[in-house]
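Please read the points below alongside the model.

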Amino acid sequence: MEHLDRVQRLSRVPPAISRWLGYRISPPKPIPEYSVWTWTFVAAFCGVSVLQAVFSRAHYFIERGVPPIIASYGASAVLIYGVIESPLAQPRALLGGHFVSALLGICISKLFQLCAPDRYVELQWLAGSLTVSVATVAMQMTKTTHPPAGATALLAAVNQDVIDMSWYLLPVVLLSSSLALAVALIVNNIQRKYPAFWFVPVAPLSAKLSPSLDSLKYDNTSSASSGEESLRREVTSQV
């Protein structure tokens with residue numbers, strides 16, 4: 001019932017705001033495929049452009065050696081702008097998947113960096129494999145599975161620019177996910193609806209008869225059957 005409470009909260013928000021959070025009183029009408037392709041293009045272009053503009057233009061990030069974009073967000077763009085109904089493209093998966101993967105990628109990479117530099121280079125393949133496999137299981141356990149986040153974990157172990165960021169990768173990933181999500185909430189809600197859910201899917205309510213109604217239904221059926229039988233006997237006797 002908790003997910004229903006969240007939906008009810010959104011219903012109390014003014015429509016001018018709740019629309020951009022993915023809430024609709026009724027499902028939106030289907031739009032032509034060419035409109036879907038157009039909005040996917042616009043959203044992906046805007047999303048990737050915003051990320052590169054922030055991280056390649058702001059001196060704060062340039063001074064800290066942050067790359068213009070974490071490459072895994074190119075794959076995230078395909079999901080959150082193109083396959084917006086997928087559970088893998090919802091906010092919980094986007095935000096949680098990248099953060100969990102980045103955290104585990106950094107931790108595993110740090111452990112391998114305790115080895116001698118030459119030995120670390122030799123074992124970097126193992127670090128990369130471990131980061132992806134551990135991050136994948138962690139996302140399954142936390143219900144934040146987001147396939148592009150596997151690349152975030154991998155980059156934390158094998159890409160030198162990302163390795164040099166160390167723990168600073170975490171706030172960069174959080175900001176990147178938030179900016180990508182903000183673009184999705186704006187563009188995806190112009191003619192489409194996003195997200196499908198924020199934390200957990202809204203399961204359809206199953207109507208179940210109470211015992212009193214169930215017994216009433218049985219009584220009505222029995223009465224109807226008795227009535228038909230009496231009528232049949234009366235017609236037979238008259239014949």
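How far apart do the end C-alpha atoms of residues 167-187 lie, and how much of the span is helix?

1. The end C-alpha atoms of residues 167-187 are 32 Å apart, and this span is 90% helix and 0% strand. Helices (H or I, at least four residues) and strands (E, at least two) are DSSP runs, numbered from the N terminus.

2. This is a predicted model, in which local features need pLDDT of at least 70 and side-chain atom pairs count only at pLDDT 80 or more, while totals for chains, interfaces and linings use all residues. Residues are numbered from 1 along each chain as its sequence is written, and side-chain values use heavy atoms, with hydrogens and water left out.

3. An unreviewed UniProt entry lists residues 36-54, 66-84, 96-116, 123-141 and 167-187 under "transmembrane region"; positions follow the numbering used here, feature names are shortened, and annotations may be inferred rather than shown by experiment. Residues 96-116 are 81% helix and 0% strand, with end C-alpha atoms 33 Å apart.

4. Helix H9 (residues 148-158) is mostly covered, with eight of its eleven residues buried (under 20% relative accessible area, 1.4 Å probe, protein chains only; exposed is over 50%, partly exposed in between). Among the buried residues are Pro 148, Gly 150 and Leu 155. The buried residues of H9 pack against several helices, including H5 (72-82) and H11 (169-187).

5. Ser 76 belongs to helix H5 and is buried, at a relative accessible area of 1%. Beyond residues up to four places away in sequence, Ser 76 touches Leu 94, His 98, His 146 and Pro 148 (contact means heavy atoms within 4.5 Å).
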